[in-house]
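Q: Could we go through this model together, one region at a time? I would like the cut-offs spelled out as we proceed.

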Amino acid sequence: MAATSAHIPTVTAVAPLSMPDVELLVKSMYEPGPPKKITEIEATLRVLQRSEHGWEMANALLSSNDDNVRFFGALTFTVKLNADSDKLDEDESEQLLATLINWLVRIVSNSKSALVTKKLCSTLITYFCKPLSSWTKCIQTLICSFCSGISVPEKSLGDYPPTWDLLPLLTDDQLLCVLLLSMDLAEEVKKMNRPVDRKYHDRVASNLQDLELLLHFALAKGQQYQAPQNQSPGLSHQVGEKLCSEALKCFASWVFYAQQELKDSVEDLARLRSILELALSCLQLHVDNAMDLFSDILEEYPKFFEPAHLEVLWSEITSPWGIEILKSFDAETPTFARLVIAFAQVLLNSGRLYKEPEDAQCQQVMGVMHELLKYPGHVGENDEIAPIAVDFWTNWVSTLEDEYFEYEEDKKPPWTETAKSNTLLAISELWNKIRFPPPEITNGWDSEAKKTFKVFRADVRDLIQAAYEQLLDDMLDRFILLTLGALGRGQWLELEAGLFCLNALAEGSELEADERLKSLFNFSLFNQISEGSSIPAATRRTAVDMVGFFTGFFLRNVEFLPPVLTFLFSALAQPSLANSAAKSFASLCSQCRKSLTGELDSFFQMYQQFLQYPTADALTKSKVLEGITSIVEALTSEEQKHNRIQQLLNFVAQDADKSILLAKDGHAAEEGVVSALAALQCLTSMGKALQAPDEAVIDLETEKIPSTYWTEGPGAAIQKQVVTLIEYLTKVYETDSDIIEEACSILRTGYKETIPGPFVLPPKETVDFISRCTLNTPRLPFVLETACIFLTSHKSDKSSAFFEQAQHLLHHVLKLMQQLGHPSVDPDVSVGCIEVVQRIINTNAGILKNESPGVLQSMFNFSVECVKCADVLPKRAASQLWNDIFALSSDTRHPERATAQDIVNHFAPSITLALIFNICGEVDASSLDYITPPLRKMIQSERNSRAYITAALQEQRLFMRITADPSTESLKRTFVEGAIRNARSVASFKETVKEFWSRCKAMAVQQGPETMQTIPGNSWPGSEPSMAATPMF
């Protein structure tokens, strides 16, 4: 029968199978087939592995001629060891060890299956790590067993010759197997880094003497195979390289094991170090992974190398072999570079590399480090050295910074000058590396290559910034010189690299650097970039970035502003630069607004031209207008501002008119939205730019009557235009969420201001806009958030006009509440409504005095319903509202205390009922922290709090079913007493509530889900009809 047609027993009823059947199942699992079938086979074999016959099955499968079957047999031994090793007695344990070694000897000697050999070695180490095992001399046991052909018990090892005499008797395959087992031993036991496993480490250490002999022999034999006089046709050279490679991997594993477990044992470390010199000689033999392994050790455990070993390693690096690799720039060079850098890092950490500049070795090392930065090619394509070299130079700069900190400026040792020279030279060499390659190279780069180059440049930028504190003017002068040289020769990619480096220095540059920078900007840098038609986009982009980085310089040196801003306008025409150029323009104009008022005419002309560019979209137009408007803000007279703002509004009106025409067309609605949104975003940018600068001086001594120019004078026409644009566009596109949000953003720009202005609109305009919004208005929560900001910004406004508008706003919010019917209909809108009410109470609660009892009844009942509802956000918002109400009612110094107290007098019972409902297990743990504060404030402010809480507890269905239980009554009584007693302490009160809540949760689970009922009482909109006719205030 073919393997693929084998019957597969189910997991639930595994009948005894013959070994041929089991073997057939294993073979079937490794053959292609339906996933479902493979899964069934795996499940069946898993059951068989864990059965009482698993040991016998593993042993039988290893006798197969099929490697997959034998591998599964070894795997089964591992599975049984992990599952049932604790069931074996001492004799069975020793028998199992003998069986595993016998199989390993047999397979290595006969079949030479690498797959099965590795698995058996792994299984033996699993056995070693189990509590049942007392096996200690692993390496010697395996060597003796190979020599004898069968497993040798550990107690009989004394009957065999010394290990050094037995090693020559092993075949190459047997020797490789012993190396593999030795490596697995160190790797696996290293993972058991726990105090309880100390016994394992003691047993491992007893193998070090045999390991030392094994590695010496394997390395010597492998190197002998590779000696020129012994090379002959055949496999000897390949076997020699494999022996050396496996010996080195084994050596490295034991070195890292020693770092963790043997670092304090001088004798054990000496055994491993005795191998170093022979191991290092593998470098010149080009043994696979040799350079990487030694680099790993240098990086992770540099103390393993003693000075004599470092000398040997450096002699290998500077040998003809190393020099040839360094000069050839082939595939081995990056790996070799890593080894050199790791070596240099060791000397850097010791301090020798910079404190002993006259030392020959240090000079050689520094020479090689500089040479590595001259590796041909480009990072991201074929230069893998520069990225790792940057890490070294970053550490170099950081180390020197720490050293310099120890010395006073005039007492620094002589070596500091040499160190600075090396730093400056390295950064100059890296300048060549960060240059963009020609387009014919970068055009072929994939995303990974681009990312590598970008990350490398960022690392170099960080290095430059760190080194600037040490080199200061020397570094700045170097980059200015490199940049001017590239500019003079028209080498635009070199110029980009220079500008990139200068940008990195911008943040750390001081006022004293201005004179040096003038030498750069005096050479018409931006004019040449503006006029050049063949300049790469990368160079233009970095030049645009430079404007933003050096805003402080241009602010101090305004004579350079006109050509810079002209350059930015020219950059707006290029799609790849437009966005960043617009942002830089806005930022620079904002910072330097007072110095640019004389340039407004030219800016208006350039803006008119810019509107013809295909890059004139919503973002770029809004940013450019923001920049121009910020200059307008700096004009001294309101009449001048008026005229300029009118010009700007005319530009905005073009987009608005276009959007209305497109909307009427009906076939270009999407284009209409784009134009409308562009108009509104431009208005938002203008509003922000017209805000008084943060650094503006506020005269607190002179009382000035606010100007009425923008509210009642000629400037009112400007406000009217802004309002008209908002009204018209939001009416035409009332279903577009972005349009509604942007309209709110325009209104918000005026809230920050304390004096009248073009965008400081009358309160009526905000309230009218909000009042036009319904439950169908998109982004209604954002609109209600705008209402909150509006109320907060007018908290000092006690005028009757504002009171009237605030009442209109309150009525509209109440209307929204009534239309909702219940908070759960739209939790986000419910939160917005509650927060508006909260702002009214916190900023001017007196507004409520003019409301009818019915209006207030409905509003506060809705808030109580929010506390009751299952939705988290309304519950939390309403809880915070009531916390503020209770706090206000207890604040004896607040002028509106009486208003809050009247609210409490009417609604304390109902809100207490809602809060207790939540605390009786209904609220989730995360929201409990929101329910607790208002209850505490209620107790502090209301003398009848005990009665309210007691009555609320009596109405909870959780307790109504178990009224006769004395423990329940005790629980309620304890909670009431604890809550009243601990109300003065936030922590104690919180703990009291949390403990009661936990008990209620447990009781609810015990009683079943039917106890988790809706809170007693009537639902929204009215819970106590009699109150509607009762005056509150």
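Q: To begin, where is Thr754 found?
A: Thr754 sits in the loop between helix H38 (737-749) and helix H39 (763-771). Helices here are DSSP runs of H or I with at least four residues, strands are runs of E with at least two, and both are numbered from the N terminus. This is a predicted model, in which local features need pLDDT of at least 70 and side-chain atom pairs count only at pLDDT 80 or more, while totals for chains, interfaces and linings use all residues. Residues are numbered from 1 along each chain as its sequence is written, and side-chain values use heavy atoms, with hydrogens and water left out.

Q: Is Thr754 buried or exposed?
A: Thr754 is exposed, with a relative accessible area of 78%. Buried means under 20% relative accessible area, exposed over 50%, and partly exposed in between, using a 1.4 Å probe and protein chains only.

Q: And what separates its C-alpha atom from that of Pro706?
A: The two C-alpha atoms are separated by 9.5 Å, and Thr754 and Pro706 are 48 residues apart along the chain.

Q: Turning to Gln805, which residues does it touch?
A: Leaving aside residues up to four places away in sequence, Gln805 touches Pro763, Lys764 and Val767. Contact means heavy atoms within 4.5 Å. Gln805 belongs to helix H41 (residues 800-820) and is buried, at 9% relative accessible area.

Q: Now the helix packing. How do H31 and H32 cross?
A: The axes of helix H31 (residues 561-571) and helix H32 (residues 578-591) come within 8 Å and cross at roughly 150°. H31 is therefore roughly antiparallel to H32. Axes are lines fitted to C-alpha atoms, for helices over the stretch in contact, and angles run from 0 to 180 degrees between N-to-C directions. Angles under 35 degrees count as roughly parallel, over 145 as roughly antiparallel, 65 to 115 as roughly perpendicular, and the rest as oblique.

Q: What is the handedness of the crossing of H31 and H32, and which residues meet?
A: The crossing of H31 and H32 is left-handed, a label used if the near helix is turned anticlockwise from the far one by less than a right angle, with clockwise giving right-handed. From H31, Leu561, Val564, Leu565, Leu568, Phe569 and Ala571 meet Ala578, Ala581, Ser584, Phe585, Leu588 and Cys589 of H32. This contact of H31 with H32 has 11 nonpolar, one polar and no charged residues. Ala, Val, Leu, Ile, Met, Phe, Trp, Tyr, Cys and Pro count as nonpolar, Asp, Glu, Lys and Arg as charged, and the others, Gly among them, as polar.

Q: How do H22 and H24 cross?
A: For helix H22 (residues 415-433) and helix H24 (residues 447-471), the axes come within 11 Å and cross at roughly 155°. That makes H22 roughly antiparallel to H24. H22 passes H24 in a left-handed crossing. The residues of the contact of H22 with H24 divide into 10 nonpolar, two polar and two charged.

Q: What follows H24, around Leu472?
A: Leu472 lies in the loop between H24 and helix H25 (473-489). Its phi is near 45°, a positive value in a residue other than glycine. Most residues other than glycine have a negative phi. Leu472 is partly exposed, with a relative accessible area of 43%.

Q: And what is the phi of Phe329?
A: Phe329 has a positive phi of about 50° although it is not a glycine. Phe329 is placed in the loop between helix H17 (320-328) and helix H18 (333-350), and is partly exposed at 32% relative accessible area.

Q: A change of topic: how many aromatic pairs are found?
A: A search of the whole structure finds 45 aromatic pairs. Rings of Phe, Tyr and Trp (its six-membered ring) pair if their centres lie within 6.5 Å; planes under 30 degrees apart count as stacked, over 60 as edge-to-face and the rest as tilted. One of the pairs is Phe521 with Phe553, which is tilted, at 5.0 Å centre to centre and 35° between the planes. This pair links distant parts of the chain, as Phe521 in helix H27 (residues 514-521) and Phe553 in helix H30 (residues 551-556) are 32 residues apart. Both Phe521 and Phe553 are buried.

Q: Why is the pair of Phe610 and Tyr613 edge-to-face?
A: The ring centres of Phe610 and Tyr613 are 6.0 Å apart and their planes lie at 80°, so the pair is edge-to-face. Phe610 is buried, with a relative accessible area of 0%, whereas Tyr613 is partly exposed at 23%.

Q: Which residues do ring pairs link into a cluster?
A: Ring pairs link Tyr354, Phe392, Trp393, Trp396, Tyr404, Tyr407 and Trp415 into a cluster.
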